[in-house]
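Subject: Structure handover

Hello,

Here is the structure I promised to pass on. My notes on it follow below.

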Amino acid sequence: MSVVLITGGGQGIGRGIALRLAADGHDIALVDVNEAGIGSVVDEVRGLGGKATAFVADVSDREQVFAAVDHAQEAFGGFDVMINNAGIAQVAPIDDVRPDELERIWSVNVNGVLWGIQAAAARFTANGTRGKIINASSIAGHDGFPMLGVYSATKFAVRALTQAAAKEYAAQGITVNAYCPGVVGTDMWVTIDKRFAELTGAAEGETYEKFVGGIALGRAQTPEDVAAFVSYLAGPDSNYMTGQAVLIDGGLVFR
């Protein structure tokens, strides 16, 4: 099977993707700023009988992202799939956004994806192989949400990078796609909900339940729901698909 690198792999959706792809038979390279988190997921993958390695890196730093890809190559003797999953959220009215906050979320959610695209494409080229690049966008990359304006902007930007990269690398046989989750029951959504409570006076949990109430399938999303779709993107059945940013949200945003 393939060698897969997952950024933000120490928790939440990244962890879910790692466990699913390990079960699919892929070798897993995990990247995160949280050493304890990725160490725990490495143990879980190995407990499933899979192969895994960890590399501590900040995706906003281009050199660290390239080093992470080199580590995956050296650990497993190849490199096939890059999953640019790492991201952070910001809940704030547009009027309140300040330069340092903007720089931080942009550096992780957009720059981190760009560096991941570059590093993966460079490695595929050096290896003389085709490869897959898979980026994390969001329902907020299709609709701009109030109090999530800057976060939405970063996820729209990921869609743009996905489309542009798909066109640029198609001649090399490299595909580039994105997945767009909705309301996932992870620590990120706990943070988002608490911040909405601070800003709007809503009770904790109220904003989360409001969003979940709008999902056509009637329940919150799990990391496993997202991972199932990423499994398709990482596998051979998606070989003829590129430049797409697909909603996987249970029916919340429709396009």
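Residues 2-182 have end C-alpha atoms that lie 27 Å apart, and the span is 50% helix and 18% strand. UniProt, in an unreviewed entry, places the feature "domain: Ketoreductase" at these residues. UniProt positions follow the numbering used here, feature names are shortened, and annotations may be inferred rather than shown by experiment. Helices (H or I, at least four residues) and strands (E, at least two) are DSSP runs, numbered from the N terminus.

A word on the source. This is a predicted model, in which local features need pLDDT of at least 70, side-chain atom pairs count only at pLDDT 80 or more, and totals for chains, interfaces and linings use all residues. Residues are numbered from 1 along each chain as its sequence is written, and side-chain values use heavy atoms, with hydrogens and water left out.

**Strands**

Start with β1, residues 3-7. Of its 5 residues, 5 are buried. Buried means under 20% relative accessible area, exposed means over 50%, and partly exposed lies in between (1.4 Å probe, protein chains only). In a regular strand the side chains alternate between the two faces of the sheet. In β1, V3, L5 and T7 point one way, while V4 and I6 point the other way.

Which strands does β1 pair with? Two strands pair if DSSP finds at least two bridges between them. β1 runs parallel to β2, with 5 bridges joining them. Here V4 stands opposite I28 in β2. The chain gets from β1 to β2 through α1, in a right-handed β-α-β crossover. Right-handed means that, with the strands pointing away from the viewer, the path from the first strand over the helix to the second runs clockwise. β1 also runs parallel to β4, and 3 bridges join the two. V4 stands opposite V81 in β4, and I6 has I83 as its bridge partner there.

Next comes β4, residues 81-84. V81 and I83 point one way, M82 and N84 the other way, and all are buried. β4 is joined by 4 bridges to β5 (residues 132-136), and these strands run parallel. I83 has I134 as its bridge partner in β5. From β4 the chain crosses through helix α4 (residues 99-127) to β5, and this β-α-β crossover is right-handed too.

**Single residues**

A18 lies in helix α1. A18 counts as buried because its relative accessible area is 0%. A18 and V42 are 24 residues apart along the chain, and their C-alpha atoms are separated by 8.8 Å.

Is M147 buried, exposed or partly exposed? M147 counts as partly exposed because its relative accessibility is 27%. M147 sits in the loop between β5 and α5 (149-169). Its phi is near 70°, a positive value in a residue other than glycine.

Y151 lies in helix α5. An unreviewed UniProt entry places the feature "active site" at Y151. Y151 counts as buried because its relative accessible area is 10%.

**Pockets**

A note on method first. Rolling a probe the size of a water molecule over the atoms shows where empty space is left. A pocket is an open set of points on a 1 Å grid over the protein atoms alone, where a 1.4 Å probe fits, with protein on both sides within 12 Å along at least five of seven lines; lining residues have an atom within 4 Å of a point. Grid points are joined across faces, edges and corners, and a volume is the space filled by probe spheres set on the points.

The largest pocket has a volume of about 960 Å³. It is lined by 43 residues, and A86, G87, I88, A89 and M188 are the closest to its centre. α6 gives the largest share of this lining, 6 residues. Elements that each supply at least two residues include α1, β2, α4 and α5. By class, the lining has 24 nonpolar, 13 polar and 6 charged residues. Ala, Val, Leu, Ile, Met, Phe, Trp, Tyr, Cys and Pro count as nonpolar, Asp, Glu, Lys and Arg as charged, and the others, Gly among them, as polar.

The second largest pocket has a volume of about 320 Å³. Of its 19 lining residues, R130, G131, K132, T175 and N239 are the closest to its centre. This lining divides into 8 nonpolar, 8 polar and 3 charged residues.

Best wishes
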